Amino acid sequence: MKSRLSKSLLLSLVSGSLGHSALAAESAQPAADALNTVIVTGTREDGRTAQSSATPIDIISAEDLAATGQTNLLDALKGVTPSLSSPAVGYDVGALARTFQLRGLSPSQTLVLVNGKRRHLSASLYADEDPAQGSNAVDLDMIPLNAIDHVEILKDGAAAQYGSDAIAGVVNIILKNADHGGNVSVLGGGYFDGGGATGQADVDSGVKLGADGSARLSASYRFHDFSNRSGDTDGPQPAKLQGDPQSNLGSMGYNIEKPLNDGVSAYSFGTVGRRTAKAWENPREPGATGVGAVDSLYPSGFTPQETITETDFGVTGGLKGQAAHQWKWDVSSTYGRDSAALNNRNSINPDLLNDLGIAQRNFSVGSFTSSELTNNIDIKRPFQIDGLGGPLNVAFGLEDRYETYTIGAGEANSYYSGGSAAFPGFRPTDTADVSRNSFAGYTDLSAKVTRDWELGLAGRVEHYDSVGDSETGKVSTRYDFTPRLAARGTFSTGFHAPTLAQEYYSATSVTSNFASIQLPVGSAGAKLLGASDLKPETSHNISVGVVAEPLNGVHTSVDLYQIDIKNRIINTGYIYGSQALAAIAANGSSIPTGLDPSNVDAQFYTNGVDTRTRGIDFSVDYRSNLADLGAVKWLLAGTYNDTTITHIHDAPAILKAAGISLVDPIQASNLTSATPRIKVSLAATYFKDDWEITLRETLYGHTKQVQNYASDQYYDYQTSATVVTDLDVGYNLTPSLKINVGASNLFNQYPNKIPNYVYQSVNYDQYSHVSPYGINGGYYYTKLNYSF
């Protein structure tokens with residue numbers, strides 16, 4: 001399908017809590033202590049807190065995540081983290097496996113860890129037109145929300161500490177590990193204007209393993225139904241494309257640790273998830289295929305449906321301990337695998353029907369599978385050095401990672417001639433079965449040079465089989481002028497190695513009027529157009545900030561940053577007509593006959609641009625004690641983010657001669673204006689006896705994305721700046737049973753509508769792909785939670 005991905009960057013900000021009564025104080029404690037939480041991200045020093053960090057880091061507690069009313073980690077995080085965003089809906093595989101962005105950069109430029117260990121990537125590559133295009137990122141939906149103790153988000157370059165991908169920052173998910181207590185919860189919700197009916201059930205519990213071990217177990221099941229916000233069609237078959245897919249997701253997690261003796265502990269943790277989902281494609285009106293037998297089979301037209309059955313799991317096992325002289329060590333192995341089988345239902349292959357009389361309606365169109373095996377050795381020790389203001393913390397380690405990626409072909413009938421409508425099967429020429437190995441070593445040093453001045457240095461060298469060597473470094477510093485005022489700053493270099501999916505992904509998409517092929521970079525078709533092998537993206541990141549407590553209880557932070565990225569991996573602009581047809585033929589692919597050549601295009605991934613991103617993150621929080629009236633936790637937080645294209649790389653000679661640039665208006669807007677530059681939120685959480693009420697007002701800035709609704713006709717999708725209200729009302733029915741009733745987008749706001757003459761040519765989308773607060777209007781829910 002030639003699609004335009006709907007993108008929503010729903011962002012609001014952390015709401016904390018402060019209690020007046022004993023019960024309120026107990027429930028508020030996790031959020032109130034966030035700044036004093038001991039962190040493990042961005043530092044290898046023991047005992048470091050978020051408030052004393054030399055780099056900006058957000059701590060999001062399980063209570064913060066639960067207060068959003070969301071049913072999955074991704075939507076919960078974007079509800080409490082100003083710099084993290086995600087599409088609200090998508091098309092094709094993008095509708096079924098979602099991505100996210102940090103600081104407006106590509107999903108591939110954020111590293112995800114679980115308990116400090118690298119999480120494997122999704123097998124699905126995000127192929128649709130959107131700021132996330134060309135990325136295969138970690139699928140956060142596969143990690144049960146109720147398994148999480150807290151999340152640490154490092155908003156700074158960290159490739160020198162953690163390796164490839166950590167250009168925008170690091171998301172480290174810390175799992176629950178308590179050996180007692182638990183929760184059982186159920187939730188129901190839906191959209192005010194219909195669709196999106198949601199039901200979820202969760203359970204988690206901790207148990208002791210002998211006298212000194214612990215095991216934490218969790219399980220979750222979620223159902224989410226279709227929503228539809230598509231515009232009207234000009235035929236009898238209605239459009240259903242713009243909206244949420246229907247999905248069923250079951251997931252489980254565990255976290256186990258058991259001391260073996262006084263100096264050594266064994267540990268293991270992991271998650272497993274299975275998702276089935278369905279997403280509507282574009283409607284095919286009567287006569288759309290040009291084959292009379294199809295109209296006899298579907299007299300009122302038909303709307304194909306893409307489905308996915310996906311299994312994802314990740315497991316880590318290791319030993320850690322302390323040897324003589326304070327040497328601490330950790331040896332671990334992590335294996336993760338994601339596999340997705342794709343089907344095209346309620347469709348038809350017109351050529352198969354016309355040529356062979358086969359009226360098959362449901363097709364197996366192929367599969368994706370990816371895996372990663374990562375082995376780590378980490379060693380650290382503090383050294384007492386005369387003349388320093390504190391110990392010199394020394395850490396070093398090694399990492400070996402083996403990755404695989406496969407694209408499996410669909411059944412033969414799915415790709416016969418032009419293939420099944422909406423989603424032709426992957427052809428044998430599209431398939432891939434590839435692997436690579438990488439090896440890295442790092443050193444990390446930090447110390448208090450004086451009592452008030454901290455300095456950190458990190459360096460890493462890494463070798464990838466397919467892309468060569470990289471060397472990255474980082475310098476961080478912090479100076480505490482007083483106990484209430486500190487300045488901090490970092491400078492780092494980073495890189496993102498092209499993923500195997502980016503190097504080898506291939507697909508053919510066909511609608512009733514268009515055909516498009518994504519050419520693997522190394523394919524004959526891409527080489528015909530002048531494609532060259534992908535190179536790593538490289539970055540320079542600088543940030544400076546201030547952390548202060550100007551008044552008792554008022555905590556503020558302001559961080560400015562600049563991220564320069566060279567060789568960003570993007571999809572080329574559309575290559576139309578004879579050149580596209582020649583590339584498709586060279587690639588061994590075929591498309592339906594009779595299409596207008598101006599509606600046939602080809603693309604391939606390339607290192608197309610250099611960019612500069614400048615921004616500022618700020619936050620102010622305060623706790624008001626209102627005596628007998630209760631207490632309020634206030635948070636004002638926001639972000640400003642601006643990305644510009646500093647250099648467009650030259651197109652290959654064959655494209656340059658035809659006047660084709662690597663970056664068309666669509667790509668340019670995806671990089672620079674499709675995400676809101678400004679997001680500001682004011683949140684207040686009120687506590688009084690058994691009541692807990694969170695009110696959040698979030699300002700989303702203006703966005704603009706360019707789309708083409710004909711081969712040479714472009715339209716600016718505008719979304720005006722808007723304030724969106726979220727509300728969550730909680731009440732303790734008993735000491736163990738709590739009810740929450742709430743709404744995201746309480747007043748049911750929608751983005752600007754797209755004119756009829758445009759949306760009827762572009763998937764019947766009524767709303768912008770990149771509306772930062774979604775396209776479905778208000779979502780309302782009720783939740784019951786029993787704690788034991």
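Predicted model: local features only at pLDDT ≥ 70, side-chain atom pairs only at ≥ 80, totals over all residues.
Local features need pLDDT of at least 70 and side-chain atom pairs count only at pLDDT 80 or more, while totals for chains, interfaces and linings use all residues. Residues are numbered from 1 along each chain as its sequence is written, and side-chain values use heavy atoms, with hydrogens and water left out.

Let us begin with charge. A salt bridge here is a side-chain nitrogen of Lys or Arg within 4 Å of a carboxyl oxygen of Asp or Glu, and by that rule the model holds 34 salt bridges. One of them joins D165 and R118, with N to O at 3.3 Å. D165 sits in the loop between α5 (159-162) and β7 (169-175) and R118 in strand β5 (residues 117-118), so this pair ties together parts that are 47 residues apart in sequence. Those labels follow DSSP runs numbered from the N terminus: helices are H or I runs of at least four residues, and strands are E runs of at least two. D165 is buried, at 8% relative accessible area, and R118 is buried too, at 9%. For reference, buried means under 20% relative accessible area, exposed means over 50%, and partly exposed lies in between (1.4 Å probe, protein chains only).

Another bridge links R612 and D564, N to O at 2.6 Å. R612 belongs to strand β26 (residues 600-625) and D564 to strand β24 (residues 555-571), so the pair ties together parts that are 48 residues apart in sequence. R612 counts as partly exposed, with 28% relative accessibility. D621 forms a salt bridge with R623, their closest N and O atoms being 3.5 Å apart, and D621 is buried at 8%. Salt bridges can also join up: E372, E399, R401, E403, R436, R460, E462 and E503 are linked in a network of them.

Now for the nonpolar side. A nonpolar core is a set of buried Ala, Val, Leu, Ile, Met, Phe, Trp, Tyr and Cys residues joined through side-chain atoms within 4.5 Å. The largest one has 32 residues, and L65, L73, L77, L140, V151 and I173 touch the most other members. Elements giving two or more residues to this core are α3 (73-80), β4 (110-114), β6 (148-154), β7, β12 (264-280) and β24; the largest share, 5 residues, comes from α3. Leaving aside residues up to four places away in sequence, L73 touches L65, L140, I143, L145, I148, V151 and I173, where contact means heavy atoms within 4.5 Å. A second, separate core of 24 residues includes L125, F368, L500 and V521.

Strand β7 also holds N172, which is buried at 0% relative accessibility. Its side chain makes a polar contact with the side chain of T41 at 2.9 Å. A polar contact is a pair of N or O atoms within 3.5 Å; within protein, one must be able to donate a hydrogen and the other to accept it, and residues adjacent in sequence count only if both atoms are side-chain atoms. The N172 side chain also reaches the backbone nitrogen of G116 at 3.0 Å.

Two last stops remain. Y574, in the loop between β24 and β25 (575-576), is buried at 10%, and its C-alpha atom is separated by 6.2 Å from that of A602, 28 residues apart along the chain. In helix α13 (residues 665-672), I666, Q667, S669, N670 and L671 are buried. D664 caps the N-terminal end of α13, with a side-chain oxygen 3.1 Å from the backbone nitrogen of I666.
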